[in-house]
Amino acid sequence: MSSATKIEVIIQKAPKIELHLHLEGAIPIETLYALIQRRGGDPTVNSIEDLEQKLTYTDFAHFIELWIWKNTFITEERDFEDIAYQVLRNLSEQNVKYIEAFYSPGDYAHKGLTVQGITEYLIKGKERARRDFGIRSELIVDIVRGDGVDVGMQRLDETEHYLGKGLIGIGLGGSEHKFPADPYAPVYKEARRRGFRLTAHAGEAAGPPSIWAAIRKLGCERIGHGARAHEDPKLIAYLKEKQIPLELCVVSNIRTKVFESFESHPIRQYYDRGLMVTVNSDDPVMFNTTLTQEYMVLAQKLNFTLEDLRQMTMNGVVASFLSEKEKESIKDQFTREWQQLQEQHM
Ligand SMILES: [Zn+2]
C-alpha cells in the first residue's frame with residue numbers, strides 16, 4: 001500500500017467527533033432526492049446526478065438561493081425524523097462517534113411547522129440512529145441574527161423543555177456582518193441561566209470584533225468558525241491563553257471564499273501556535289465535503305501528520321459540551337481505536 005493510500009485508509013477508519021454541522025446542510029443526497037420526489041419532484045432534477053449538479057453553486061448568493069430551494073421540499077415536521085436518522089447514518093459510516101448538530105427551526109415557521117414539533121421528530125430520529133448505529137448526538141438550536149432579540153428569547157422558551165432530553169445548547173447564525181452579536185447578550189445571559197451551553201458563529205463573514213463580541217458580550221464557550229481571528233494578534237493570544245475552542249470548517253471557508261486557497265487558510269498556524277483547534281464540516285452536502293474529507297485536506301494540502309489529526313479529534317472531545325465523565329469515556333474509546341489502527345496499518 002502506498003503511504004498516501006495508507007493515510008487515506010487510516011483517516012477513513014479513525015474515530016471522529018463533529019461539533020459544527022447543520023443538519024439541514026448535511027442531508028445525504030439520496031435522502032434529499034427522495035424527499036424532492038415525495039413532494040412532487042422538480043422539473044430541473046430528474047436524477048441524483050442532476051441534483052448533485054444543481055447543488056454546485058457559483059457564489060454565496062447562489063448558495064443561499066439553493067439553501068432556500070432545498071428547504072421548500074421540507075414541508076412536514078415528521079420529515080425531520082428521517083433527516084436526523086439519515087445524517088447520523090452517514091456520519092456513522094465515517095466512524096463519527098459523537099455530534100453536536102445545529103438545526104434552524106425558525107426557517108419553517110411560515111409553513112406552519114412548530115419548533116417543538118421539529119425538535120421532537122429530530123430527537124426521535126437521533127434516538128433511532130443511536131439504537132441502530134450506536135452513534136451519539138445532541139442538538140443545538142440556532143438563533144438567527146436577523147430575526148431579532150424577541151424571537152431569540154422565544155426560541156429559549158420553546159426549546160428549554162428539551163434540555164437534557166436531546167438538546168444541549170444554542171448557536172447564533174445568520175448574517176454576521178449585517179447583524180452584530182451585541183443585542184443578543186440578554187438572550188445568551190438568559191440561556192446560560194437556564195442551562196443551555198453556548199456557541200455562536202463569528203469570525204467567518206466578519207473579522208475579530210465579531211469574535212470578541214461572541215466571547216465578551218455573549219459569553220460563548222466555543223466559537224463557530226473563528227477563522228479570521230488571525231487578523232488581531234491580541235485575540236490570538238487570548239484564544240490561546242483561555243483555550244477557547246474554534247469550530248473550524250476549512251472546506252466551507254474555501255467554498256464561501258473566506259480564504260482564497262487551502263494553503264492560505266490559517267488552521268495550520270492556529271494549530272502550531274497551540275490554539276484549541278477542532279475539525280468540522282459545516283454544511284457537508286452543500287459544500288461537497290465530508291468530515292473524512294476535511295481530515296484528508298489537512299493531511300494532503302497542509303501537511304498535518306496522523307498524530308496532529310489524532311490530537312485534533314481529541315481536542316474535539318475536550319471542546320464538546322459533554323460531561324467530564326463522558327469525555328473521559330470517549331477519549332478512552334478513541335485511544336483504543338487509534339492503537340488498533342496503528343497496529344493494523346503503521
Ligand atoms: Zn455553520
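**Notes on the sheet and its helices**

1. The sheet is open and is formed by 8 strands, which follow one another in the order β1-β2-β3-β4-β5-β6-β7-β8 with parallel pairing; please keep in mind that this is a predicted model. At the edges lie β1 (16-22) and β8 (277-279), each of which pairs on one side only. From one strand to the next, the twist averages 25°.

2. Within this sheet, strand β2 (residues 96-103) pairs with strand β3 (residues 136-144) in the parallel sense, and the pairing runs over 6 bridges. As a point to locate in the model, Tyr-98 has Arg-136 in β3 as its bridge partner.

3. Both edge strands, β1 and β8, are among those that helix α14 (residues 306-319) lies across, together with β6 (222-225). Relative to β8, helix α14 runs at about 105°.

4. Two packed helices are described by the angle between their axes and the distance between the axes. For helix α1 (residues 3-13) and helix α13 (residues 291-301), the angle is about 145° and the axes are 9 Å apart, while the crossing in which α1 passes α13 is right-handed.

5. Which residues in α1 and α13 meet? From α1 come Ile-7, Glu-8, Ile-11 and Gln-12, and from α13 come Thr-292, Tyr-295, Met-296 and Ala-299. By residue class, the contact of α1 with α13 divides into 5 nonpolar, 2 polar and 1 charged.

How values were computed:
Residues numbered from 1 in each chain as written. Predicted model: local features only at pLDDT ≥ 70, side-chain atom pairs only at ≥ 80, totals over all residues. Axes fitted to C-alpha atoms, helices over the stretch in contact; angles between N-to-C directions. Helix = DSSP H or I, 4+ residues; strand = E, 2+ residues; numbered from the N terminus. Left-handed = near helix turned anticlockwise from the far one by under 90°. Contact = placed C-beta atoms within 7 Å. Nonpolar A, V, L, I, M, F, W, Y, C, P; charged D, E, K, R; others polar. Pairing = 2+ DSSP bridges.
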